[in-house]
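This report looks at how side chains meet in one protein chain. It takes charged pairs first, then aromatic rings, then the nonpolar cores.

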Amino acid sequence: DESLLPDVQVSFFGLDSARTIPLVPSYLLYILMELLKNSFRAVAEHNKNARTPPTAVHPIVIRVASDEAQVVLDIFDRGGGIPFEHQTHIWSYMYSTKGRGASMDSVALDDEAATPLAGFGVGLPLSRLYAEYIGGSLHLMSMPNFGTHAFLFLQRCSSRKEGMPTYVNYLRQRHLREELLEIEAKKRAAADIEDYAEALRLKGLAAEAREKLNRLKQRAHS
């Protein structure tokens with residue numbers, strides 16, 4: 001029913017000189033399509049299952065803000081939000097945002113209603129991977145029985161490196177090992193020039209990195 005679908009309002013806040021982003025457009029297009037698809041579906045389902053028909057459908061509001069370093073997009077919908085007990089699952093590949101509103105009887109978490117690995121079925125976790133790969137980040141803040149904000153942060157610096165998803169355990173371990181090697185090299189260089197205060201500081205940083213690495217290894221085997 002098209003009467004259940006919201007309009008989209010877009011507004012820009014920021015510098016006129018900061019309206020462009022140096023990135024591969026297909027990644028950004030995928031992220032935006034996934035977020036907007038979820039918002040449209042949430043609003044339509046929320047209004048369809050409302051006890052009293054809404055007199056007006058609240059629009060999806062997109063706010064874009066920027067400075068010389070970053071651009072952030074805030075996509076907000078009044079689709080009923082995600083229940084608190086399900087918000088820890090939104091980045092899982094086995095979670096579906098379909099029927100996410102509080103007015104629905106349940107949220108699909110079981111095998112029967114699991115997200116299919118076809119089309120856009122792995123949308124949110126893959127969107128976050130793409131956001132981190134292009135040097136940004138994706139965050140969701142949801143209020144049950146009200147709505148959801150999706151914040152997409154993007155870097156404007158063209159010299160940035162490709163970002164890797166730090167929340168993946170083995171990639172975090174690799175990153176910490178590389179960081180530890182760099183700290184150890186700097187510590188040896190500081191000791192060679194008898195800068196013992198700096199060497200001591202770096203020794204502490206190395207100990208912290210080893211502790212984090214050990215915790216990740218234990219978590220991987222638990």
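Which residue forms a salt bridge with R201? The partner is E198, and the closest N and O atoms are 2.8 Å apart.

## Basis of the model

This is a predicted model, in which local features need pLDDT of at least 70, side-chain atom pairs count only at pLDDT 80 or more, and totals for chains, interfaces and linings use all residues. Residues are numbered from 1 along each chain as its sequence is written, and side-chain values use heavy atoms, with hydrogens and water left out.

## Salt bridges within helices

A salt bridge here is a side-chain nitrogen of Lys or Arg within 4 Å of a carboxyl oxygen of Asp or Glu. The structure holds eight of these salt bridges. Side chains of opposite charge can pair when their charged atoms come close.

R201 and E198 share helix α4 (residues 196–221). They sit three residues apart, about one turn of the helix. Helices (H or I, at least four residues) and strands (E, at least two) are DSSP runs, numbered from the N terminus. R201 is partly exposed, with a relative accessible area of 46%. E198 is also partly exposed, at 27%. For these classes, buried means under 20% relative accessible area, exposed over 50%, and partly exposed in between (1.4 Å probe, protein chains only).

E184 counts as buried at 13% relative accessibility. K187 is partly exposed at 22%.

R63 and D74 meet through their side chains in a salt bridge of 3.6 Å, N to O. R63 lies in strand β2 (residues 60–66) and D74 in strand β3 (residues 70–77), so the pair ties together parts 11 residues apart in sequence. R63 is partly exposed at 35% relative accessibility. D74 is buried at 10%.

## Aromatic pairs

A pair of aromatic rings is described by the distance of the centres and the angle of the planes. Rings of Phe, Tyr and Trp (its six-membered ring) pair if their centres lie within 6.5 Å; planes under 30 degrees apart count as stacked, over 60 as edge-to-face and the rest as tilted. The whole structure has four aromatic pairs.

Y27 and Y130 form a tilted pair, 4.9 Å centre to centre with 40 degrees between the planes. This pair links distant parts of the chain: Y27 is in helix α1 (residues 25–48) and Y130 in helix α2 (residues 123–133), 103 residues apart. Y27 is partly exposed at 24% relative accessibility. Y130 is partly exposed, at 24%. The rings of F76 and F146 have centres 5.8 Å apart and planes at 40 degrees, so this pair is tilted. F76 lies in strand β3 and F146 in the loop between β4 (137–143) and β5 (147–155), so the pair ties together parts 70 residues apart in sequence. F76 is buried at 12%, whereas F146 is partly exposed at 31%.

Y27, Y30, Y130 and Y133 form one aromatic cluster.

## A charge over a ring

The charged end of R128 sits over the ring of W91, 4.6 Å from its centre. The criterion is NZ of Lys or CZ of Arg within 6 Å of the ring centre and within 35 degrees of the ring normal.

## Nonpolar cores

A nonpolar core is a set of buried Ala, Val, Leu, Ile, Met, Phe, Trp, Tyr and Cys residues joined through side-chain atoms within 4.5 Å. The largest has 20 residues, of which L35, L73, I75, L152 and L154 touch the most other members. The elements giving two or more residues to this core are α1, β2, β3, α2, β4 and β5. A second, separate core of seven residues includes L180, L202, A206 and A209.

Leaving aside neighbours within four places in sequence, L154 has contacts (heavy atoms within 4.5 Å) that include I21, L28, V71, L73 and I134.

## Buried D77

D77 is found in strand β3 and is buried at 1% relative accessibility. Its side chain joins that of S39 in a polar contact of 2.9 Å. A polar contact is a pair of N or O atoms within 3.5 Å; within protein, one must be able to donate a hydrogen and the other to accept it, and residues adjacent in sequence count only if both atoms are side-chain atoms. The backbone nitrogen of G79 also lies 2.9 Å from a polar atom of the D77 side chain.
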